[in-house]
Amino acid sequence: MSDSPRLPPRRPWTMLERSLAAFGLSGRALVIAAPALWLTVFFLVPLFVVFGISLAVKQFGRPPYSPLLTTDEGTVQLTLHLSNYLRLLTDGLYVAAYLSSIRIALISTLITLLIGYPMAYAIARAPERWRNILLMLVILPFWTSFLLRVYALTGFMRGNGVINQVLGVFGIEPLVMMQTDFAVYVGIVYTYLPFMILPLYTNLVKLDGALLEASADLGSRPWQTFLSVTLPLSLPGIIAGSMLVFIPAIGEFVIPSLLGGPETLMIGRVLWDEFFQAANWPRAAAVAIAMLVVVVIPILLLQKAQDAIVEKGR
Amino acid sequence: MRRGWFLPITATLGFAFLYLPIMSLVIFSFNENRLVTVWSGFSTKWYGELFADPQMLGAAWRSLQVAFFSASFALVLGTLCAVALVRFKRFRGRTVLAGTVSAPLVMPDVITGLALLLLFVAMESLIGWPAGRGIVTIIIAHSTFCMAYVTVVVQSRLSDLDLSLEEAAMDLGATPVRVFFDITLPIIAPALVSGWLLAFTLSLDDLVIASFVSGPGSSTLPMVIFSKVRLGVSPDVNALATIIIGVVALGVVAAMLIGFSQQNRTRARRG
């Protein structure tokens with residue numbers, strides 16, 4: 001035992017080490033095993049369960065799907081149905097929903113970038129004592145509830161909402177904004193704007209002013225300097241911010257269901273309705289697997305490529 | 001450097017866009033009228049109604065409990081994971097662990113929620129646990145997705161850490177566990193606090209995952225708000241939002257002030 005008299009024996013870590021040693025475990029093994037085991041059971045295994053159930057069909061009972069394995073007089077039978085996947089391909093609704101999610105996420109990421117970039121730039125160029133306060137104002141909405149911010153927008157955009165009341169003062173007819181794709185774009189831009197501004201700010205605040213001066217001295221107009229110096233240098237920030245908006249936007253459920261109309265198709269909402277409204281668990285599972293293959297895996301690969309580029313750049 | 005009008009104006013408009021909806025929410029929480037957007041006089045009656053609503057209060061209390069336990073489990077698991085990834089450079093399955101812990105960050109909530117629900121249902125029919133779904137299954141689900149965020153926060157702090165302190169302690173005969181509790185933990189404490197707070201907020205805010213893995217009678221606060229808001233306007237939700245915004249604003253300002261005074265102190269010490 002390394003129990004030298006220098007170490008007081010009643011300290012918690014000595015107890016911890018002794019009890020670990022009693023089970024033949026090293027601290028190192030436990031540090032790795034605990035999170036690895038947790039993630040295996042509650043993250044990896046569930047994905048396989050989803051895949052399994054996506055190969056079943058809906059049936060009445062508990063659980064509401066057909067068993068994959070059945071025993072019939074001593075023989076074990078495995079029944080897999082591909083009908084859910086066939087349905088995803090043949091029913092236009094699902095393909096349309098995947099495409100429209102990607103479109104909505106792309107367009108709203110672009111709008112967020114167009115609004116977020118000048119804001120991040122303005123904060124980065126603001127006097128130093130203002131910067132922290134402005135940043136705090138950007139971060140503050142993130143710590144309040146996401147759901148309540150979406151709700152705040154409904155109060156703003158509804159038929160008799162704030163915007164239309166202001167327009168009414170000027171004698172302008174009320175606009176129909178709620179339950180349209182427009183409202184979904186506003187919702188995504190509104191809730192994810194901080195995620196765009198923060199990485200852009202971190203990037204832009206490091207921008208060397210001497211480069212801009214050099215460019216100006218060489219006779220560039222401000223917009224030329226912006227296009228040839230600032231914009232290329234801030235590309236990592238643009239990519240990071242865009243990913244932080246695009247990734248959650250694509251699987252968004254709350255925004256399309258509170259702000260969107262019945263014709264606003266987004267895949268997160270389709271999955272939700274398949275599960276909660278139609279109670280078709282296998283179909284919902286197939287939608288999830290297709291979403292993993294079509295959306296999540298490409299994003300992971302893209303991130304890997306992005307990391308590699310960043311590493312190379314160092 | 002160009003000091004044009006473009007940047008200040010877009011920034012002002014941007015902040016107006018971020019804050020006007022929240023401000024109108026706060027103002028109309030003091031409106032007497034049930035129609036949330038028609039002003040008819042100052043009143044605090046919606047706050048009274050909010051605090052007299054047992055469903056809302058029960059859900060709020062449940063959400064706080066879930067967030068507390070989820071954040072704490074996520075903190076322990078995420079810290080262990082960060083230590084494993086930063087300190088142990090070589091072990092079998094390291095890349096798998098690194099990939100798996102960051103995957104929940106890009107996983108859409110609907111998939112995480114559905115996957116965990118299907119797991120719980122399958123487990124219940126195989127081994128009889130968890131018997132039904134409720135607060136325990138929500139805590140498990142939230143711990144899993146929050147631990148990814150804690151890992152990211154702690155990982156970045158750990159990799160900046162000066163190794164010589166830990167090595168010195170080891171040379172003086174401290175065991176690895178003691179080094180961790182005596183040296184590493186106090187240094188990374190700020191990262192642990194922000195990781196825990198982040199996890200707490202994410203858990204408190206989650207609607208989608210909780211909706212999948214909760215059972216009858218275990219609705220969390222976002223679930224109750226969502227069902228109310230879906231039916232239309234409700235002034236007591238405005239009141240609740242105002243309280244949450246007030247608490248968060250106070251917290252963020254306090255954190256900023258503490259950060260400022262610490263910065264000033266280090267600056268003063270450095271002379």
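Is Tyr190(A) buried or exposed? Select it and see: at 1% relative accessibility, Tyr190(A) counts as buried, because the cut-off for that word is under 20%. Keep in mind as you explore that this is a predicted model.

**Stop one: a ring pair**

The ring centres of Tyr190(A) and Phe17(B) lie 5.4 Å apart with planes at 75°, so the pair is edge-to-face. This pair crosses between chains: Tyr190(A) belongs to helix α8 (residues 181-204) of chain A, and Phe17(B) to helix α1 (residues 6-28) of chain B. Phe17(B), at 25% relative accessibility, counts as partly exposed.

**Stop two: another ring pair**

Now select Phe275(A) and Phe212(B). Here the ring centres are 5.0 Å apart and the planes meet at 55°, so this pair is tilted. It also runs between chains, from helix α13 (residues 267-276) of chain A to helix α9 (residues 208-213) of chain B. Both Phe275(A) and Phe212(B) are buried.

Over all chains, the structure has 28 aromatic pairs.

**Stop three: the whole interface**

Finally, colour the residues in contact: 87 from chain A and 85 from chain B. Together the chains bury about 8000 Å², 82% of it on carbon and sulfur atoms. On chain A's side, helix α2 (residues 27-54) gives the largest share, 18 residues. By class, that side has 68 nonpolar, 12 polar and 7 charged residues.

How many salt bridges are there between chain A and chain B? The count is 0, while 7 residue pairs are in polar contact across the interface.

Definitions and conventions:
Residues numbered from 1 in each chain as written. Chains lettered and ligands numbered in written order. Predicted model: local features only at pLDDT ≥ 70, side-chain atom pairs only at ≥ 80, totals over all residues. Heavy atoms only, no water. Contact = heavy atoms within 4.5 Å. Buried area = accessible area lost by both parts, 1.4 Å probe. Salt bridge = Lys/Arg side-chain N within 4 Å of Asp/Glu carboxyl O. Polar contact = N/O pair within 3.5 Å; in protein donor to acceptor, adjacent residues only side chain to side chain. Helix = DSSP H or I, 4+ residues; strand = E, 2+ residues; numbered from the N terminus. Nonpolar A, V, L, I, M, F, W, Y, C, P; charged D, E, K, R; others polar. Phe/Tyr/Trp six-rings, centres within 6.5 Å; stacked < 30°, edge-to-face > 60°. Buried < 20%, exposed > 50% of the residue type's maximum accessible area, 1.4 Å probe, protein only.
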